[in-house]
Amino acid sequence: MNRSRISARVRRIKPSPSTAAADRASALKREGKSIVSLVVGEPDFDTPAHIRTAAVWAMEKGETRYTVLAGTLELRQAIVAKLKRENGLVYDPAEIVVTNGAKSAIYSALEATLEAGDEVIIPAPYWVSYPDMVLACEGIPKIVACPESQSFKISPAQLEAAISEKTRWLLINSPSNPTGASYSAAEYRGIAEVLARHPHVLVMTDDIYEHIRFDGESTPHLLNAAPELRERVLAINGVSKTYAMTGWRIGWIAGPADLVGALNTLLSQASGNACSISQAAAVAALTGDQSFVGETVATYRARRDRTLARINAIPGLSCRPPDGAFYLYVNCAGLIGRTTPAGTRLESDSDVVMYLLEAAGVAVVQGTAYGLSPFFRASIATSQAALDEGTDRIARAVAELH
Ligand code: PMP
């Protein structure tokens, strides 16, 4: 029998394009080329000292064993307090599950709920992992293109049109990776009106960038605008982006008891509890001094403002100011159809990205990876010096096109 050793589920998915772009940039660096990488999606700051110290203490105190599967009561209580304090949402510790990062929270929630052929509505541009996670769970990603003219957000009419009998989830990420677009309370009410007509549709909110926003306001949550949806919403979050803790792998899900119970059952067999030491660190992050958050957001904001102005000064490129997160999603329609000094015609955003890498030594990620072209994503989670050098190089390379 000529059967593949790899499951059809895994053969259906591909490795993350941003990882591929980062690998390509590293390979060129190893060859001795000067590369400015604007690829990575993680804070360039160290985890604050008081959080690191809490982890050391946890180890010294012997918190090195299995914890309760859903996460220590202390951490779940800290998450409950955070949800109340920052989001005005009321949960019980029994409605929280701590996971190995928000990524595994989303994947596990899909695995616990999707039947083969179930549809998941994903507004594009989307975080690269969503469609592949759905495919890995034998679901069908239903991609809805949300153009720049509607600030990259799904409209109530688009949502209505995308819903079918098979729809299981709507996935909302606000502020968004890659566009930084954030939904307002009024926009959420429009979405909630549609959802009211379709009670079989559940909503996953990926709130991982909630604190990284530039207008000084707090990020509205769907459940603030539409509390009646509480039994249909899984709210996903974690400490990775807010507290520069990407390596610690702590995320969580807050949601109704039946869904959270199913997740507990799945995780009890599939992964066990999240790292005990990281859980202690996450308690310190959520309950300790929060000044790191404001300071880093101010830094991201200064980088956003300066880099946005420099990008928008390049003929052929334009970028809508992101409301939050740490990316610029740059429209490169003005470069399509132009020709490089080597005589290659740029046909797509992948061609543009390849040209910027090879001719200018700047690594960014093509918009096709996020489901909406022609764009590229540049991360501002790197030093201002690297951003200045990167934008200078892009400007020079663009000037050489004809
Ligand atoms: N959601 C989005 C939109 C993200 O950009 C990321 C990280 N790239 C995650 C979730 C995953 O975060 P974590 O490190 O907690 O798994």
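This is a predicted model: local features need pLDDT of at least 70, side-chain atom pairs count only at pLDDT 80 or more; totals for chains, interfaces and linings use all residues.
Me: Why are H5 and H10 called roughly perpendicular to each other?
Reply: The axes of H5 and helix H10 (residues 257-270) cross at roughly 100 degrees. Angles of 65 to 115 degrees count as roughly perpendicular. H5 and H10 are therefore roughly perpendicular to each other.

Me: What else describes two packed helices, besides the angle between their axes?
Reply: The distance between the axes is also used. The axes of H5 and H10 come within 9 Å.

Me: Which residues make the contact of H5 and H10?
Reply: H5 supplies Ser108, Ala109, Glu111, Ala112 and Thr113. From H10 come Leu259, Ala262, Leu263, Leu266 and Leu267. Residues in contact have C-beta atoms within 7 Å.

Me: How do the residues of that contact divide by class?
Reply: Seven are nonpolar, two polar and one charged. Ala and Leu count as nonpolar, Glu as charged.

Me: What makes a residue part of the shell around the ligand?
Reply: The cut-off is a C-beta atom within 6 Å. The ligand is surrounded by 13 residues. Gly101, Ala102, Lys103, Asn177 and Ser240 are the closest. Helix H5 (residues 101-113) gives the largest share, three residues. By class, the shell has eight polar, three nonpolar and two charged residues.

Me: What makes S2 and S4 edge strands?
Reply: The open sheet of seven strands has the order S2-S8-S7-S6-S5-S3-S4, with mixed pairing. Strand S2 (96-99) and strand S4 (140-145) each pair on one side only. The twist averages 20 degrees from one strand to the next.

Me: How do you know that S3 and S5 pair?
Reply: Pairing needs at least two bridges. Strand S3 (residues 119-124) and strand S5 (residues 167-173) have three, in the parallel sense. Isoleucine 121 has leucine 170 of S5 as its bridge partner.

Me: What makes S12 and S13 a pair?
Reply: Two bridges join S12 to strand S13 (residues 375-379). The cut-off is at least two. These strands run antiparallel. Arginine 377 in S13 is the bridge partner of valine 365.

Me: Where does S12 sit in its open sheet?
Reply: The order of the four strands is S9-S10-S13-S12, with antiparallel pairing. Strand S12 (365-366) is an edge strand, as is strand S9 (318-319).

Me: Which residues does the UniProt domain annotation cover?
Reply: The unreviewed UniProt entry places "domain: Aminotransferase class I/classII large" at residues 35-394. That span is 39% helix and 16% strand, and its end C-alpha atoms lie 12 Å apart.

Definitions and conventions
Residues are numbered from 1 along each chain as its sequence is written. UniProt positions are given in the numbering used here, feature names are shortened, and annotations may be inferred rather than shown by experiment. Axes are lines fitted to C-alpha atoms, for helices over the stretch in contact, and angles run from 0 to 180 degrees between N-to-C directions. Angles under 35 degrees count as roughly parallel, over 145 as roughly antiparallel, 65 to 115 as roughly perpendicular and the rest as oblique. Two residues are in contact if their C-beta atoms, placed from the backbone, lie within 7 Å.
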